[in-house]
Amino acid sequence: MKLYTAQRAPNPRRVTMFMAEKNITQISLVEVDLNALEHKGEVYRAKSPLAKVPALELDDGRVLTETRAICTYLEGLYPEPNLMGDGFEERAFIEMADRRVEWSLLLGIANSVRHTHPGLAVLEQPQFPEFGRSQADKVHEVAAWFDQLLMHQPWMAGERFTIADITAFCAIDFARLMKFNPGRLGLQALQAWLDRVAGRPSAKV
């Protein structure tokens, strides 16, 4: 299998961090140069028609796109350590936590960075800085909610580390490009959680 990925982009990093947590080393990594718009070319679009990374090419030639779908596939192949839930009830609550992080935190951060950071202008044409700044304001609001959540539980989905923590970590680490720092904003529970995840070996990938 081959994983088409891109350094520093949060969604591909979610998959490589997921793989690192499971010690999956049998999958080849193929770097896609986003700044060179390689993902927009015909060769890559034949694998990922919407020109998005990551994409997982299976041994039979089929291609899985969408981060969550790729992680679901890998969880099935490599079930331990379990990161997506054991049994339908835990899976449902972990998916809820992961979706909350993805749609309320990661999406806002991505929109803010893509529309305000000059280094991403090549990927987002046209940029709308006012929209990006408004997204940053919303990120601060939702981050405060996650801070409150983490005052009552150690991890994003509850009592153990899961895919929701991977999504949140990749999102907040990417938010450095918008100069977002939970500790400086007084979000001490969120900062403590971030520091714990940053200490895991998978965070170094």
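Reader: Which residues of α1 are buried?
Author: They are P10, P12, R13, R14, V15, T16, M17, F18, M19 and E21. Buried means under 20% relative accessible area, exposed over 50%, and partly exposed in between (1.4 Å probe, protein chains only). This is a predicted model, where local features need pLDDT of at least 70 and side-chain atom pairs count only at pLDDT 80 or more, while totals for chains, interfaces and linings use all residues. Residues are numbered from 1 along each chain as its sequence is written, and side-chain values use heavy atoms, with hydrogens and water left out.

Reader: What makes α1 a mostly covered helix?
Author: Of its 12 residues, 10 are buried. The cover over these buried residues includes β1 (2-5), β2 (28-31), α3 (67-77), α4, α6 and α7. Helices (H or I, at least four residues) and strands (E, at least two) are DSSP runs, numbered from the N terminus.

Reader: What span does α4 have, and what is expected?
Author: Helix α4 (residues 88-116) has 29 residues and reaches 40 Å from first to last C-alpha, close to the expected 42 Å. There is also a kink of about 30° in α4, centred on E102. The bend at a residue is the angle between axes fitted to the seven residues ending there and the seven starting there.

Reader: Why are α6 and α7 called roughly perpendicular?
Author: The axes of α6 (residues 163-174) and α7 (residues 188-198) come within 10 Å and cross at roughly 100°. Angles of 65 to 115 degrees count as roughly perpendicular, under 35 as roughly parallel, over 145 as roughly antiparallel and the rest as oblique, so α6 is roughly perpendicular to α7. D165, A168, F169 and I172 of α6 meet L190, W193, L194, V197 and A198 of α7 in this contact.

Reader: What makes A51 and K179 stand out in the loops?
Author: A51, in the loop between α2 and β3, has a positive phi near 60° without being a glycine. K179, in the loop between α6 and α7, is likewise not a glycine and has a positive phi of about 60°. A51 has a relative accessible area of 4%, so A51 is buried; K179 has 70%, so K179 is exposed.

Reader: Which value of omega goes with the cis bond from V53 to P54?
Author: Omega is near 5° for that bond, and P54 lies in the loop between α2 (42-45) and β3. Another cis peptide bond joins E80 and P81, with omega about -5°; P81 lies in the loop between α3 and α4.

Conventions
The expected span of a helix is 1.5 Å times one less than its number of residues. Axes are lines fitted to C-alpha atoms, for helices over the stretch in contact, and angles run from 0 to 180 degrees between N-to-C directions. Contact means heavy atoms within 4.5 Å.
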